[in-house]
Amino acid sequence: MARRLVPRADPFLSRQVVRDFDRWSVRQLGNPNVVSALSGFATSALERSAALGIATCCDRGSWHILEQRKVLDAESARTGAPREYFDPYMVDRELREYELVDRIVVPSEPARLSFLRRGVDPSKVVKVPYGVDVRAFTPPSARRHPGAIVSVATVGLTKGQRYLVEAFRSLHSSSASLTLVGPMDPGWDVRLDLARGDVRLTGAVPRARVVEELQHASIFVLASLQEGLALVISQAMACGLPVIATEATGVRELVDDGVEGFVVPAGDAQAIAESLAVLLDHPERAVEMGRAGRARVESLGGWDEYGSRLLQVFDGARAEHA
């Protein structure tokens, strides 16, 4: 929730919001056994807790921030797209917390490995994949739109829509359609040449509309260049969709390649196009994968299982301070 408080366009206001939230967090500490905080937002609270001998955990929903920046800077340099802005203030807070805490909680193997590449002790980085609400995200009661491809993500550099749109435009299927669900970073309508009118863009929509878009579609794609573990992958699977996603999304926590969908390299439009062609040419296989995906997420235990595993992490950190 804290991230929603941070105005993305104004780093100075963002810093003030973060500082105020951190000060508030310190005042709320009380006498806990464990303090867990969303990375970057409670550095002072974590420092105070560590000084008191309290177990501390940092919840990082993505890659190590320096690995994240490295990947996106390389993509920007390669394609000429504007660089993603990483506020040095927030980078410093993240790095301080990684050093300070007893545990860093990440949602996927790519995220875990990003910390190991930066020399963080492997025993300190713990993987706890996210859950999904299988009651809110369900297969449709009506017929899907044949050939309808959907992607749910902010349109911009990080989510790799450049490669998805390129893959879609290379297809030879006249019945295929592509919908990008989510807000768009400035200038990406031009970079993706959306004026051609062959790609539908919804803009920011509420969750109920996201469910509708997933239920209307026949194939889900996420082409991200880096990702912790995108919740929308499991949401799409819960809606009975076959998934095409890049290795960088953490998709292997949920998808066995060729069973619930296809896993492709990041930044590879041809691999996305080839996977799309298989599902478009063999719709019965797409349906079979979608059913397998629904069964897979049902078996994972949802958010209750996530909570149980998180408590185990807390117990382990606390035991070291006993």
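Which residues lie nearest the centre of the second largest pocket? Of the 21 residues that line the second largest pocket, Arg-144, Ser-218, Pro-283, Ala-286 and Val-287 lie nearest its centre.

A quick word on the ground rules. This is a predicted model, where local features need pLDDT of at least 70 and side-chain atom pairs count only at pLDDT 80 or more, while totals for chains, interfaces and linings use all residues. Residues are numbered from 1 along each chain as its sequence is written, and side-chain values use heavy atoms, with hydrogens and water left out.

Now the voids. On a 1 Å grid over the protein atoms alone, a cavity is a set of points where a 1.4 Å probe fits but cannot get out; a pocket is an open set with protein on both sides within 12 Å along at least five of seven lines, and lining residues have an atom within 4 Å of a point. Volumes are the space filled by probe spheres set on the points, with grid points joined across faces, edges and corners. The structure has 1 cavity of 30 Å³ or more. Tyr-130, Ser-234 and Leu-254 are among the residues lining the largest cavity.

| Void | Space | Lining |
|---|---|---|
| Largest cavity | About 30 Å³ | 5 nonpolar, 4 polar, no charged |

Helices α10 (269-281) and α11 (283-299) each supply at least two residues of the pocket's lining, and α11 gives the most, with 6 residues. Helices here are DSSP runs (H or I, at least four residues) and strands are too (E, at least two), numbered from the N terminus.

On to helix packing. Helix α3 (residues 65-79) packs on helix α4 (residues 88-100) at an angle of about 135 degrees, their axes 10 Å apart. The contact (heavy atoms within 4.5 Å) is made by Ile-65, Leu-66 and Arg-69 of α3 with Val-91, Glu-94, Leu-95 and Tyr-98 of α4. Those residues divide into 5 nonpolar, no polar and 2 charged.

Last stop, Ser-108, found in the loop between β3 (103-106) and α5 (109-117). Ser-108 is buried (under 20% relative accessible area), at 0%. Beyond its neighbours within four places in sequence, Ser-108 touches residues including Lys-127, Glu-227 and Gly-250.

Notes:
Nonpolar A, V, L, I, M, F, W, Y, C, P; charged D, E, K, R; others polar. Axes fitted to C-alpha atoms, helices over the stretch in contact; angles between N-to-C directions. Buried < 20%, exposed > 50% of the residue type's maximum accessible area, 1.4 Å probe, protein only.
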